[in-house]
Amino acid sequence: MGDDERVDEVPVDDERVADERAGEERVDDVHDDDDAAAAPVRDRATRWRLVLGAPAEEGLGGVALDADDARRDAVLRELYGEGGGAGRRGGLGGSSPRVARWLGDIRAYFPSSVVQVMQEDAMTRLGLRELLLEPEMMAAVQPDLDLVTTLVGLGRVVPEHSRETARRVVRTVTDQLEERLRARTVQAVTGALDRSARTHRPRPGDVDWGATIAANLRHYLPEHRTVVPERLVGHARRTTQVQRDVVLLVDQSGSMAESVVYSSVFGAVLASMRSVATRLVVFDTEVVDLTDAMDDPVDVLFGVQLGGGTDIRRALAYAQGLVERPTETVLVLISDLYEGGIAEEMVARAAALVRSGVTVVALLALSDSGAPSYDHRHAAALAEVGVPAFACTPDLFPDLMAAAIERRDIGQWAAAQGIVTTHADG
């Protein structure tokens, strides 16, 4: 009898299988992930045994687990239980030391991709979110983006004795994100500023000879093997003055947690560039200017308070007061557009900014989490007054900023990236 037939005979609880989110796909990852601390699970029957638990052992032909697989089974059982009832949970309870040991076990016996998912499940099933208020818990978990958004959500609830540990966990992740995104952002923004400053009457030291030759190839003289340039292409004299003003206006409602994290990282990168003057403003029903803390994403994240209502109109009104050079200003509104204030006034504020010459973009999400939930009616209303609305991944954000700095058509840029924007008709 084959393995699949044996599995069909096992009288296991269907809910266990449905709840077993560390299922076959995750265990399969052990084969592929080089950072797994233990040897990969050996065969299909063993994988099914780990997925289904001890009740499946007989039906699978008496699968014998080796020592490492037995530990994997134990940590899965403590989180997901052993089947047999709708309300049954793992056996860790609320014991902080035991949970800390369990967190160490999953890091030892599973690859990081599986650990992150199991930690997320433990937030709900084991009450880990509350236990994270203790420093020994935060020291035991594997830092990742989901954990950071959880800590940011806890916000001011984190007690003073745990706050420094929480900051270290958050800094580990924001440092990783900044390392991943900094070079691309600086390169894209600097290149856009240089292109915007291009002139056809450059000084000798500012001539871009490659661009000049390309622009004058029709004037090539074969007999002299040279190009006679009709016009020079180059950059205006470089300056240390600010060339663009950028305002990041970030919705800090609970659904925007991942976007807040990425916004804080991009804010820090942009703040390090002398040619760009960047303001970082977060809002719910109140507006908080975090520009002074922007060079440190950790300070920004512990300065926000996720949750509460949303008053985009009020935030746009504040942003209007920051604009001194409209045609040199890029305003990025990062929000799902679920407006709690007066929607007509929100749209009117956005329209006034566009009319004044400000480049305004509405990002429905700045994250890798897929299609966001957002207010389609408000997105369409903004599109009608010239504010494109769409979701953007962090890896595309640098190119978006470059397009905005060069005052290109953002809708055309988005279409070229395969991004679907909201149209005025919804």
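The legends below accompany several close-up views of this structure, which is a predicted model.

Figure 1. When contacts between residues at least 6 apart in sequence are considered, 75% of them join residues at least 24 apart. The mean pLDDT of the chain is 78, with 75% of the residues reaching 70 or more. Over residues 1–41, however, the pLDDT is below 50, although this stretch has 90 contacts in the model beyond near neighbours in sequence. The pLDDT also stays under 50 over residues 83–90, a stretch for which the model has 17 contacts beyond four places in sequence.

**Figure 2. Helix α4 and its cover.** Helix α4, which spans residues 44–52, is mostly covered, since eight of its nine residues are buried.

**Figure 3. Two aromatic pairs.** The structure holds two aromatic pairs. In one of them, the rings of Phe266 and Phe397 have their centres 4.5 Å apart and their planes at 45°, so this pair is described as tilted. The pair links distant parts of the chain, with Phe266 in helix α13 (residues 257–271) and Phe397 in helix α18 (residues 397–405), 131 residues apart. Phe266 counts as buried, at 0% relative accessibility, and Phe397 also counts as buried, at 1%. Phe390 and Trp413 form an aromatic pair that is likewise tilted, with 6.3 Å from centre to centre and 40° between the planes. Because Phe390 lies in strand β10 (residues 389–392) and Trp413 in helix α19 (residues 410–416), this pair ties together parts that are 23 residues apart in sequence. Phe390 is buried at 0% relative accessibility, and Trp413 counts as buried at 6%.

**Figure 4. Salt bridges between elements of the chain.** The count for the structure comes to 13 salt bridges, and a few of them are shown here. Arg279 forms a salt bridge with Asp289, and the closest N and O atoms of the two are 2.7 Å apart. This pair links strand β6 (residues 276–283), which holds Arg279, with strand β7, which holds Asp289, the two residues being ten apart. Both partners are partly exposed, Arg279 with a relative accessible area of 30% and Asp289 with one of 26%. A further salt bridge joins Glu345 and Arg313, whose closest N and O atoms are 3.6 Å apart. Glu345 lies in helix α16 (residues 343–356) and Arg313 in helix α15 (residues 312–322), so the pair ties together parts that are 32 residues apart in sequence. Glu345 itself is partly exposed, with a relative accessible area of 36%. The side chains of Glu406 and Arg408 also meet in a salt bridge, at 3.4 Å from N to O, and here Glu406 counts as partly exposed at 23% relative accessibility, while Arg408 is partly exposed at 38%. Finally, Arg180, Asp368 and Asp395 are linked in a network of salt bridges.

Figure 5. Asp296 is found in the loop between β7 (287–289) and α14 (297–301). At 15% relative accessibility Asp296 counts as buried, because the limit for that term is under 20%. Apart from its neighbours within four places in sequence, Asp296 is in contact with Arg167 and Arg171.

**Figure 6. A nonpolar patch and an exposed helix residue.** Trp209, Ile213 and Leu217 form a nonpolar patch on the surface, and together they have about 330 Å² of accessible area. Leu217 has its place in the loop between α12 (209–215) and β2 (220–221), where it is exposed, with a relative accessible area of 53%. Elsewhere, Glu384 lies in helix α17, made of residues 376–384, and is exposed as well, with a relative accessible area of 60%. The C-alpha atoms of Glu384 and Val347 are separated by 9.3 Å, although these residues are 37 apart along the chain.

Note on methods:
Residues numbered from 1 in each chain as written. Predicted model: local features only at pLDDT ≥ 70, side-chain atom pairs only at ≥ 80, totals over all residues. Heavy atoms only, no water. Patch = residues over 30% accessible without salt bridge, like charges linked within 9 Å, V, L, I, M, F, W, Y side chains within 5 Å. Areas by Shrake-Rupley, 256 points an atom, 1.4 Å probe, with all protein chains shown as cover. Salt bridge = Lys/Arg side-chain N within 4 Å of Asp/Glu carboxyl O. Helix = DSSP H or I, 4+ residues; strand = E, 2+ residues; numbered from the N terminus. Buried < 20%, exposed > 50% of the residue type's maximum accessible area, 1.4 Å probe, protein only. Phe/Tyr/Trp six-rings, centres within 6.5 Å; stacked < 30°, edge-to-face > 60°. pLDDT = per-residue confidence, 0-100. Contact = heavy atoms within 4.5 Å.
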